Amino acid sequence: MIKEKFKHYSVDQYGVKNYNSFYLLVFSVIILYGIIAILSVPLYQAELADPSSNIRSYKDAFWTLQMSASTIGFGDFYPVTLTGRIIVAAMFYIGVGLVGYIGAQFVNRFVSFSDTNVKNREIRKQNELIIEQNKQLEKKLEKLMTTINEKSQ
């Protein structure tokens with residue numbers, strides 16, 4: 001039972017993989033901070049070249065990208081070079097997507113009112129059953145029509 005809770009996905013009755021929200025959250029945070037860590041290097045190098053820049057260390061660049069990814073942007077550090085501004089803008093858009101996704105995972109986990117994916121799969125399954133029943137009815141009708149035609153001749 002405990003082992004089931006720690007699986008990163010489960011397969012439902014329709015054969016669809018349903019991923020564990022916790023693993024998606026952890027994976028998203030790792031991806032987000034990995035991108036921040038990588039982009040901090042070129043941001044730091046671009047800003048270091050300009051004497052008027054206030055981003056003077058890798059730590060400052062990391063903080064700047066973290067704040068832009070979260071859309072908080074305190075303003076204590078900001079890029080002054082074109083390259084730096086492009087990197088921070090890119091991080092803003094990446095961060096909006098990933099932080100929004102992480103927030104949606106929390107909301108879905110704790111406040112989930114309905115799962116439309118499950119409803120859609122249930123409807124799909126019901127449609128498959130209806131189509132199968134219609135095929136069986138068509139076969140019965142054909143058989144009945146054949147029997148009627150044979151008796152009337």
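Student: Which residues make up the largest nonpolar core?

Tutor: This is a predicted model, in which local features need pLDDT of at least 70, side-chain atom pairs count only at pLDDT 80 or more, and totals for chains, interfaces and linings use all residues. Residues are numbered from 1 along each chain as its sequence is written, and side-chain values use heavy atoms, with hydrogens and water left out. The largest nonpolar core has 11 residues, namely Leu32, Ile36, Leu43, Ile55, Ala61, Leu65, Ala69, Ile87, Val88, Met91 and Leu98. The term stands for buried Ala, Val, Leu, Ile, Met, Phe, Trp, Tyr and Cys residues joined through side-chain atoms within 4.5 Å.

Student: What makes the pair of tryptophan 63 and phenylalanine 74 stacked?

Tutor: Their rings lie 6.1 Å centre to centre, with 15° between the planes. Rings of Phe, Tyr and Trp (its six-membered ring) pair if their centres lie within 6.5 Å, and planes under 30 degrees apart count as stacked, over 60 as edge-to-face and the rest as tilted, so this pair is stacked.

Student: Why is the pair of phenylalanine 92 and tyrosine 93 called edge-to-face?

Tutor: Here the ring centres are 5.2 Å apart and the planes stand at 75°, so the pair is edge-to-face.

Student: Why does tryptophan 63 count as partly exposed?

Tutor: Buried means under 20% relative accessible area, exposed over 50%, and partly exposed in between (1.4 Å probe, protein chains only). Tryptophan 63 has 31% relative accessibility, so tryptophan 63 counts as partly exposed, whereas phenylalanine 74, with 56%, is exposed.
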